[in-house]
Amino acid sequence: MKQIREHLLALRKALHDHNYRYYVLDDPIISDYDFDQKLRELADLEKQYPEFFDPNSPTLRVGGTINKNFPTITHEFPMYSLDNAYSEQELFDWEKRIQKRLGTDTVAYTCELKFDGVSISLTYESGVLEQAVTRGDGTQGDEVTQNVRTIPTVPLQLRGDFTDRFAIRGEIVLPIDGFNKMNEERVALGEEPYRNPRNTASGTLKLQDSSLVAKRPLQCFLYQMIADRSLFTTQLESLQTARKLGFHVPEHYTLSSSIDEVMHFISHWEKERSNLPFEIDGIVIKVNDISQQDELGYTSKSPRWAIAYKFKAESTYAILESVQFQVGRTGAITPVAVLDPVVLGGTVVKRASLHNADQIEKLDLYYGDSVVIEKGGEIIPKITSVDRNKRSIQAKKVLYASHCPDCQTELIRIEGEADHYCPNHEGCPTQIVGRIQHFISRKAMNIYGLGSETIELLYQQRLIVSYADLYALTYDQLIPLERMADKSVQNILDAIEESKKVPFERLLFALGIRYVGQTVAKKLASYFGSIDALAKADVETLVEVDEIGSRIAESVVDFFASLTNIQIIDQLKMYGLQFESKLAEHQPISNTLSGQSFVISGVFSSHSRDEIKKLVEDHGGKISSSLSSKTTYLLAGENMGPKKQIKADELGISIIDEASFFSMISS
Ligand code: AMP
Ligand code: ZN
């Protein structure tokens, strides 16, 4: 046992070291493959010997814990915001104020990139990551430790000397490449693309399932140590110290002895920022000397010793040629401005987003207008204003479409929603074709061989009007179509046949119910077990499922209220598709828990809730969602609600923790 423990600890240390070499030094000494092998070996050992659990093990980077809520934490040291400067003059004014307060003209500054992400405060206790908290209102933020743990550039274990307990501040960003890739996948699935990397990073930190966070390419840059002052005397030194401890410190910073030099750094990055792999929105200038910083102190909202120089958003004039109204597969209308092409921030821009009717109304747009377009964090630029002086008197006002550009049905707008919809779900060609295209897509039914264009063709020829019709297609119907040959037709028919085996959760996603993406489909499939049970569920039942809110619930109920949808599902059933979930069916490994009923509550450190549920069932136990006299145990993780505790006490149900549960099933 001792040997195993030592081996396990050595593996953990080696993996921490390799991580540091890879992410901080950018100098790996083993291949990705070897790294994965070691990681797998460690994961296997940890599974076999749960007694050696360590919340900072490199294996936990892959996530798996479920966070139902994020506790509010008061910052030990408030997270201030920064004063802004928009011009050189404002920087000179700031310098004058500083010099006056300090009574000296010799002040040096560090210049750092201002990352456009989410600020985070990390606390380490004896060199081990203990807590990660968002800025929130500066005084209190949300604890997101489990999710932050999955970010490879956040060290879980520090290297070398460190003070007992200290905090460090940084910014979590989503690099542009990773962001674009995520959006490509979303668009391929027919989902709305994310607007910008910053909001996406911020949303990611609040995901309940940390394994989803682990899959997103987040990075963390650290820039401010709140620690024992004996470690460093200047901001520059603190950055160097942080790097030695294993933190991912940005490489682009400089020390300047005057505002002139600061301006030099600013102009350089104002031009170069479009070449960075992530977004920055300015430069942060800090007084370098820590004792000078202390002397300057803070105002009620920001440090006097730092200032953020904000870049102007890149913008230019363009002529508005027309406005297109596009229909998506769910019927949502997106207005898009078509522009006379102009160059902005190094790329040619032909289109700009207009979001919705309110936006168009607010801008007071006319055709032919000279508009200002701006590239903020968003991928598609937006129109920020209109030059009315350049408008010709004959110009016509842009009116929002009243009817669907495709099927001419009158558009509707749901109370409280910003978007317009074409309500003709059953007859609008774009929606019908879009739904079938979604149905066959890779992550849905994966009917390869059938492309989007073939679907359009099949629809035009009226060979299919719903995705159920795919299953009735014959060789003789397909062979006369353009670009079809014996082999390709056979492949298509085989792929269609093969898709009958696709598991229920993917089929459910493929049906294209609004707001039911892959994750939601999986949740619904495993909770309800079959389409019949799901179709019967009302809104109240649906919202009881993890992560299902009323918006999704209502959309599911609407879907099953449509007679056409029911008929299509009946046809699909007839063709033999999988409308029952295999997620819940499995043979128990043992009967240790047979006859016992468990209610699971709270958050667990070593396993996700779903994994724990599976373990209970694997050992012959039953899971129920609410406490009753039939419940044998309440298995409590962290942050269990007080109500559950009281109820369990009333009913005299034993409450057990994670550790006792594991010893129960291991005996
Ligand atoms: P603002 O949110 O505009 O008040 O700007 C202040 C924020 O800039 C801070 O809360 C940090 O999250 C962020 N920031 C980004 N990069 C840096 C940096 N290098 N140093 C300090 N703050 C930074
Ligand atoms: Zn329509």
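Student: How do the residues of the shell around ligand 1 divide into nonpolar, polar and charged?

Tutor: This is a predicted model. Take the shell around ligand 1 by class. Its polar group has 2 residues.

Student: How many residues surround ligand 1, and which are the closest?

Tutor: Count residues with a heavy atom within 4 Å of the ligand. That shell around ligand 1 holds 14 residues. The closest are Ser-119, Arg-135, Glu-171, Tyr-223 and Lys-286.

Student: Which strand gives the largest share of the shell around ligand 1?

Tutor: Two strands, β3 (109-115) and β10 (280-287), each supply at least two residues of the shell. The largest share is 4 residues, and it comes from β3.

Student: Which side chain has an N or O atom 2.6 Å from an oxygen atom of ligand 1?

Tutor: Sort the contacts by ligand atom. Glu-112 has a polar side-chain atom 3.0 Å from a nitrogen atom of ligand 1. Lys-286 also places a polar side-chain atom 3.0 Å from a ligand nitrogen. The 2.6 Å contact with a ligand oxygen belongs to Glu-171.

Student: What percentage of the accessible area of ligand 1 does the protein cover?

Tutor: Start from the ligand on its own. Its accessible area is then 490 Å². Of this, the protein covers 86%.

Student: At what angle do the axes of α1 and α2 cross, and with which hand?

Tutor: Helix α1 spans residues 2-23, and helix α2 spans residues 32-48. Their axes come within 10 Å. They cross at roughly 145°, and the crossing is left-handed.

Student: How many nonpolar, polar and charged residues does the contact of α1 with α2 have?

Tutor: On the α1 side, the residues include Leu-8, Leu-11 and Leu-15. On the α2 side, they include Phe-35, Leu-39 and Leu-42. By class, the contact has 9 nonpolar, 3 polar and 5 charged residues.

Conventions: Residues numbered from 1 in each chain as written. Chains lettered and ligands numbered in written order. Predicted model: local features only at pLDDT ≥ 70, side-chain atom pairs only at ≥ 80, totals over all residues. Heavy atoms only, no water. Axes fitted to C-alpha atoms, helices over the stretch in contact; angles between N-to-C directions. Left-handed = near helix turned anticlockwise from the far one by under 90°. Contact = heavy atoms within 4.5 Å. Nonpolar A, V, L, I, M, F, W, Y, C, P; charged D, E, K, R; others polar. Polar contact = N/O pair within 3.5 Å; in protein donor to acceptor, adjacent residues only side chain to side chain. Areas by Shrake-Rupley, 256 points an atom, 1.4 Å probe, with all protein chains shown as cover.
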